[in-house]
2 protein chains.
Amino acid sequence: MSRPSFDVIAIGNAIVDVMAPAADEAIERLGMARGGMTLIDTDRARLLYDAMGPAREISGGSAANTLAGLAALGAQCAFIGQVADDQLGEVFAHDIRAAGIAFATPARAGDPPTARCLIFVTPDGQRTMNTYLGASQFLPAAALDRAMIADAAVLYLEGYLWDPEEPRAAMRQAIATAREAGRKVAFTLSDSFVIARHGDDFRALIAAGAIDILFANEQELAALTGREDFHAGIAALKDRVPVLVVTRSEKGAVAVAGGRQVEVAAEPVAQVVDTTGAGDLFAAGFLFGHVRGRDPAECLKLGAICAAEVIAHYGARPEADLRALIAGRP
Amino acid sequence: MSRPSFDVIAIGNAIVDVMAPAADEAIERLGMARGGMTLIDTDRARLLYDAMGPAREISGGSAANTLAGLAALGAQCAFIGQVADDQLGEVFAHDIRAAGIAFATPARAGDPPTARCLIFVTPDGQRTMNTYLGASQFLPAAALDRAMIADAAVLYLEGYLWDPEEPRAAMRQAIATAREAGRKVAFTLSDSFVIARHGDDFRALIAAGAIDILFANEQELAALTGREDFHAGIAALKDRVPVLVVTRSEKGAVAVAGGRQVEVAAEPVAQVVDTTGAGDLFAAGFLFGHVRGRDPAECLKLGAICAAEVIAHYGARPEADLRALIAGRP
């Protein structure tokens, strides 16, 4: 097994975030699942966009955000995801390449347009996401560059992309390719509603030993294990994946690797502006430590630092110099 | 003359800003006019976008930014400008309507696409703008709603839009309509390079008494009057327009009205993040005071408060509650 060219290759939704501040009452009035991610169709997208205040557009997508963090930390990364041949597709492709990430998935002609996520950010900084999947759901298995997947130390997959059929099939193929090449597979559960829809698939992947590093938050841990109690959830899952990482927002995060459990406190943040991307950037820091051979406690610390950076401003991709932030730490 | 329904109606470029931080050396390497606005064609737009880091998209356009400020202050506003029937056009239209501004100019089918401005923000907060005019340059005089122009207390025009031929003709018609209706005409000179191209037109408009309120910065004052010295520039222009407003960045601003000259200091700003929109928001504050019958010194103060808000964050439209910021002031 040769030394891989890439640290991390990810498959994920290719999404442009459309973000605006919103009043708490608007979340209820518009019938949104506060703090969660809901898939929406064209009509609902139009209705919600019309109800949204003046917005800004910033490239997003969970796994793509994680790669942006990894690249900012100095890792070599590649992304696979489907945009349409339109202006938002150009924006997404530009931003990910400008971050130094290899991105070669050809844009898809015709309808539907590039995916977008309408994000309503309430005064407490919490984000409520409404995703119009558009072209992103049509990522074909044929778009996978198998040689590139085999040439990355870690294949990183986002659970969000398990919803649509074509990308799900592509991700299954990618897992097989990575495992054949002796690479690691990392998976983020993304959202408890996604687990409600696909929990059986995720549990089967874990049982088959297909996942080496699993990322979850507290709600996702509960949804996957059926245990409301955090410690019971950890106990149910910790021996079933080589590395388990569970984030707990302001309560920090926990990792269990090789039977040993370590914790980290959340980094202090002067003001939480927008929590969009907190989990994505936590994964970035953790994976960066992992591919650089750091121990799990150090990986957690790097995750906490990166998550703290991204929630201090609007948008789910890092703005500060992450390399400088982690210099000399932990 | 009936009481108008709108405080301000503006005609301007309908532009989406594409903004990214940039190193000082990149400005030189890419041959950009630091701190200025340069019109670019498709090839140059592609080259500069490729050279740009990860960006964010926020609706812009000088006069549209001014209206966003006015609307945030509580004024009734309308906008006339040309977008294309594409995704960035939808973004622009959404954002201006979501700000509470009437906008009824139909989107233009086919090429060129909606205008965008590639803005490189250096570490000192200064912005260097590269504008691809796209659909914006095809605003036809037929798009003017003459009844609406006659129904606004002030018609506000941006000098930037004097470059392309069709909007220039439309703006000349709009001035005539406003004057026939007994309304005021406000004009911002926008940029010293624009004055280099169209200074004769601007001087003729002033000589004809077509402009009631003129906005300029120091460089524009010098370009229009041919006087390098600030005080000589003021002296040359002050008796030729009823209200002259000259902004001087960190040195504050000056207004001359009815022969009386007043000044204001710049508002303190903790950190200048991005100066994009500083002049636009100064104009918003000043015009708000003007349409509310405040005296020129108070108008200047309102301008300084609004400008200080917009330079403290990325993007050229206000994010804070401007009404709260000016409450009880000056």
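Strands here are DSSP runs of E, at least two residues long, numbered from the N terminus. By that numbering, B:P112 sits in the loop between β6 (102-103) and β7 (115-121) of chain B. The model shown is predicted.

**View 1. The cis peptide bond in chain B.** B:D111 and B:P112 are joined by a cis peptide bond. Its omega is about -5 degrees. Most peptide bonds are trans.

**View 2. The cis peptide bond in chain A.** A:D111 and A:P112 are also linked in cis, with omega about -5 degrees. A:P112 belongs to the loop between β6 (102-103) and β7 (115-121) of chain A.

**View 3. A positive phi at A:S190.** A:S190 is not a glycine, yet its phi is positive, near 75 degrees. Most residues other than glycine have a negative phi. A:S190 falls in the loop between β10 (184-188) and α7 (192-207) of chain A. It has 28 other C-beta atoms within 10 Å, so A:S190 is buried; the cut-off is 20 or more.

**View 4. A positive phi at B:S190.** In B:S190, phi is positive at about 75 degrees, although the residue is not a glycine. B:S190 lies in the loop between β10 (184-188) and α7 (192-207) of chain B. B:S190 counts as buried because 28 C-beta neighbours lie inside 10 Å.

Definitions and conventions:
Residues numbered from 1 in each chain as written. Chains lettered and ligands numbered in written order. Predicted model: local features only at pLDDT ≥ 70, side-chain atom pairs only at ≥ 80, totals over all residues. Helix = DSSP H or I, 4+ residues; strand = E, 2+ residues; numbered from the N terminus. Buried ≥ 20, exposed ≤ 12 C-beta atoms within 10 Å, placed from the backbone.
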